[in-house]
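This report sets out selected features of the structure shown below. Please read it alongside the sequence.

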Amino acid sequence: MVEGRAEVKRKAGLRLWLSAGWLGALVLVALLAPLLAPNDPLAQDLFAGRLPPFWVSGADAAYPLGTDSLGRCVLSRIIFGSRLALTVALTAGVITCIIGAGLGLLAGFWRGWVDVVVSRFIDIWMAFPPVLFSILLIAVIGPGVFSIILAIVVIDWTRFARVVRAEAMAQGAMDYVASARVAGRGRMGIMLREVLPNVLPIVLVLLTLEMGIAVIVEAILSFVNLSISTDDPTWGGMISEGRSSIHQAWWVLVFPLVTLFLTVLSFSQLGEGLKDRFDPVLR
Amino acid sequence: MGLLRTILLRLLTTAITLFGVAVIVFFVIRVVPGNPIAMMLPPGATDEDIARLTALYGLDKSIPAQFWIWGAGVLQGDFGTSITARQPVLAMVLARLPATLELSVLALLIAVLVGGAAALTGTRLRQTKVEGGIDIAGGMALSVPDFLWGLLLILAFGVLMPIFHISGRVTPSLDLPFVTNFYLVESLIRLRLDLTLDLLSHMLLPALSLAIPLAAIIAQLLKQSLKETMHLDYVTLARTHGYSEARVIWREALPNALLPTLTLVGVQFTFLIGGTVIIERLFSYEGLGNMAIDAVINRDLPLIQGIVILFAVIFTGVNLVVDLMYAALNPRLRHG
């Protein structure tokens, strides 16, 4: 790069702050949804169907971003849709992280039969198309927030397990582990007190990336009508409706899509930014 | 000896993986509370009708017994009968497979061409604004998954500039002379370029959605490994012979830099194939993935099993081929 190190660092910092800012704002919007939304997200007004956003002629000021074919407020539905998206992102992300990283740590540091079993399961999991697997699981356990979270956990634990296993193996071969062992410390103690803190930065990066993936999975499941009831506002459900009326009412697709895009981009930029921050070579 | 052992070992683990997939899928979908038989009969069907049909599909037996019967059938090429379409699963799945394969391979081609070109350009013009631009574009491409790229492409080229088709595989009113389901390949063989163009106009956007993230990964990896190769002594030696920089990259550095990229492209290609499920849905493209989602929604157990097993065979097959290629190409492994 022609830019100096300071310039690179400043840009990375900006990227980190922009994505954290968007996500922080989104959390606020989700918490304050009833105060912020101009309309009831479920209310239909069949006489006000497919109204355009406010700057297009024929718009109604009561619906700033227009309405869908049933006359529901697009803005209010996006605002309330953020609740499901963030709930899934946080809950599924954290649970997946704990289970996946835990198994990866055990397999990588403990080795032996635990490693054999975990690695074999990872291989089997890698042979499933993940989207198909998640749709299959939802079809089996039935739609609902709980099912979405469960599907993400069941499918994505390998993302953490793979990386953490490799990292724990690398750490396990290092001198500090050997010296701790010579000092007579138990394996469990070494794993939790010495190895875990050293793999934590990479786990945090993966967690951030996983939250972005969870948001996408929720949107995909809503898109194929398998998340929660179709009346309830979800970004994926809105996108699905927008896709089918794309030539009549572009705004039904564009606004939830932009929101989803920025959210997913923010999670992954935050993850990448944290990765650079933790990377000793860059620092 | 070494290579043969590697091959046998990989074949064994592949078989175990496939068996694991079969077991998991089989048992998972049988936890379904809804009765698929009740769903396919008209309302007002008697309990006797339901029981008869349940017995017909073998669903009255215990789950391990069902697995035994199904597994024995699969090994003989019989994947059962679809509950909704009432046709053999294998025939249905094989009829849709070409559409998905053509889409995946087209996407892979695009990804390799675009990603490779980006890596080579970035290496040739390293430490310039062009390299910086390629890095930023790659970062963006990686941050967003295929599903979102698909939606953005639909908006851009289906609505703002409607130059490509955004749904289907081929214009339905066209008269198709094809005898196989490899439409694209067959249109090329028959020199029906009008049909080729129509097919490509349908396939380009879904293929591009799948290709964008993979192209970014290829660009990143290949550029990294080119960068490392460019510092090696033999490359410096080639430079002292007075060869041009472009020739040094193309003829000397590239062949050595390809190997590490190959392995990862293999794994990533399986992710791309997995992505076809939702991308085919998004573009109403009549492939395996689209059929899979319908099968899940209709609770068509035999069809779901068949499709998932086929996907698993493709996934493990790609990984196997990549591993063997790696073993065959890597001299250290070959003689090891």
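## Surroundings of A:Val203

Leaving aside residues up to four places away in sequence, A:Val203 touches A:Cys97, A:Ala101, A:Phe160 and A:Val164, a contact being heavy atoms within 4.5 Å. A:Val203 is placed in helix H8 of chain A, which covers residues 187–223. Helices here are DSSP runs of H or I with at least four residues, strands are runs of E with at least two, and both are numbered from the N terminus.

A:Val203 counts as buried because its relative accessibility is 8%. Buried means under 20% relative accessible area, exposed over 50%, and partly exposed in between, with a 1.4 Å probe and protein chains only. Between the C-alpha atoms of A:Val203 and A:Leu75 there are 35 Å, and 128 residues separate the two along the chain.

## Basis of the model

This is a predicted model, in which local features need pLDDT of at least 70 and side-chain atom pairs count only at pLDDT 80 or more, whereas totals for chains, interfaces and linings use all residues. Residues are numbered from 1 along each chain as its sequence is written, chains are lettered from A and ligands numbered from 1 in the order in which they are written, and side-chain values use heavy atoms, with hydrogens and water left out.

## Chain A as a whole

Chain A contains 10 helices and 0 strands. Its C-alpha atoms fill a box of roughly 80 × 50 × 35 Å along the principal axes. Of its 283 residues, 51% are buried. Among contacts between residues at least 6 apart in sequence, 73% link residues at least 24 apart.

## Helix H9 of chain A

Helix H9 of chain A (residues 235–244) is mostly covered, with 7 of its 10 residues buried. The buried residues of H9(A) are A:Trp235, A:Gly236, A:Met238, A:Ile239, A:Glu241, A:Gly242 and A:Arg243.

## A helix pair in chain B

In chain B, helix H5 (residues 89–124) packs against helix H11 (residues 245–282) at an angle of about 145°, and their axes lie 8 Å apart. Axes are lines fitted to C-alpha atoms, for helices over the stretch in contact, and angles run from 0 to 180 degrees between N-to-C directions. Among the residues that make the contact are B:Leu103, B:Ala107 and B:Leu120 of H5(B), together with B:Ile249, B:Trp250 and B:Phe269 of H11(B).
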